[in-house]
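Subject: Structure for your review

Dear colleague,

Please find below the structure that I am handing over to you.

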Amino acid sequence: MEFGDLVTISPLIAAVLTAAAVLIVDLAWPGRDGPAIGTALVGLAITAFVTIQVGVNQTGKYFGNTQRSVISGTVWNDANVNAIIDSGEAGLSGWRVWIDADRDGVLDSGEKSVLTNSLGNWSFSDVVAGTYQIRVVQQAGWARTTPPVGYYTVTIASGEAATNRRFGQRRL
Ligand SMILES: [Ca+2]
Ligand SMILES: [Ca+2]
């Protein structure tokens with residue numbers, strides 16, 4: 001299998017899930033209450049036929065009664081370039097923030113993304129416990145002021161909220 005391949009697997013070959021894989025289509029999960037599409041499958045006991053996409057993130061392991069977690073933050077105009085949200089510095093709407101599942105710095109097909117709202121706020125409200133790399137799509141005419149490395153690495157437990165991940169931008 002190669003990156004991006006869609007593959008239907010059965011319990012008989014569940015060992016394949018030691019490789020990175022993410023659920024794309026829930027074909028026959030018992031009771032249809034299996035993990036959500038997009039769930040990383042590594043560590044999951046497979047009990048039915050499912051379709052997976054190969055090569056997508058190994059984090060965010062799913063377990064039966066896992067509660068969803070929240071990761072949120074802001075993209076804002078850091079006008080004075082000090083990496084702090086100061087009085088009078090406004091949020092930036094319409095910026096795309098994404099979970100870089102394969103950590104390659106590229107927004108790939110199948111990676112979850114959201115747009116900031118009118119206040120510059122963004123939120124992923126349906127993630128499972130795991131470690132995630134959060135990035136923002138850089139727009140023309142702007143440069144990042146924070147975070148210094150360009151992304152946040154967030155490790156989150158079941159049902160937790162990781163907030164205030166702030167992406168600072170300045171006009172060029
Ligand atoms: Ca500032
Ligand atoms: Ca990526």
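**Findings: strand pairing, core and loops**

Strand 5 (residues 96-99) and strand 6 pair in the antiparallel sense, over 3 bridges. Strands here are DSSP runs of type E with at least two residues, whereas helices are runs of H or I with at least four residues, and both are numbered from the N terminus. Two strands count as paired if DSSP finds at least two bridges between them. Within this pair, valine 97 has valine 114 in strand 6 as its bridge partner.

Please note that this is a predicted model, in which local features need pLDDT of at least 70, side-chain atom pairs count only at pLDDT 80 or more, and totals for chains, interfaces and linings use all residues. Residues are numbered from 1 along each chain as its sequence is written, while chains are lettered from A and ligands numbered from 1 in the order in which they are written.

**The protein as a whole**

The protein has 0 helices and 11 strands. Of its 172 residues, 29% are buried. A residue is called buried if 20 or more other C-beta atoms lie within 10 Å of its own, exposed if 12 or fewer do, and partly exposed in between, with C-beta atoms placed from the backbone. Among the contacts with a separation of 6 or more, 64% join residues 24 or more positions apart. A contact means that the C-beta atoms of two residues, placed from the backbone, lie within 7 Å.

Another open sheet of 4 strands has the order 7-4-11-9, with mixed pairing. Its edge strands, strand 7 (121-127) and strand 9, each pair on one side only. In this sheet the twist from one strand to the next averages 25 degrees.

Strand 4 and strand 11 (residues 161-171) pair in the parallel sense over 7 bridges. Here isoleucine 71 stands opposite alanine 162 in strand 11, and asparagine 77 has glutamine 169 in strand 11 as its bridge partner. Strand 9 and strand 11, by contrast, run antiparallel and are joined by 4 bridges. In that pairing, threonine 146 has glycine 168 in strand 11 as its bridge partner.

**The nonpolar core**

A nonpolar core is a set of buried Ala, Val, Leu, Ile, Met, Phe, Trp, Tyr and Cys residues joined through C-beta atoms within 7 Å. The largest one holds 19 residues, of which Ile71, Val75, Val97, Ile99, Val127 and Ile134 touch the most other members. Strand 4, strand 5, strand 7, strand 8 (130-136) and strand 10 each give two or more residues to this core.

Leaving out residues up to four places away in sequence, valine 97 touches Val75, Ser113, Val114, Thr116, Trp122, Ile134 and Val136.

Phenylalanine 124 is in strand 7. Is phenylalanine 124 buried or exposed? Phenylalanine 124 is buried, because 22 other C-beta atoms lie within 10 Å. Apart from neighbours within four places in sequence, its contacts are Val70, Ile71, Ile99, Lys112 and Val114. Phenylalanine 124 and isoleucine 99 are 25 residues apart in sequence, and their C-alpha atoms are 8.8 Å apart in space.

**Backbone features in the loops**

Most residues other than glycine have a negative phi, and most peptide bonds are trans. Valine 81 has a positive phi of about 55 degrees although it is not a glycine, and alanine 83 has a positive phi near 70 degrees. Valine 81 lies in the loop between strand 4 (69-77) and strand 5, and alanine 83 is also placed in the loop between strand 4 and strand 5. Valine 81 is exposed, because 12 other C-beta atoms lie within 10 Å; alanine 83 is partly exposed, because 13 other C-beta atoms lie within 10 Å.

The peptide bond from threonine 146 to proline 147 is cis, with omega near 0 degrees. Proline 147 is in the loop between strand 9 (142-146) and strand 10.

Yours sincerely

Definitions and conventions. Axes are lines fitted to C-alpha atoms, for helices over the stretch in contact, and angles run from 0 to 180 degrees between N-to-C directions.
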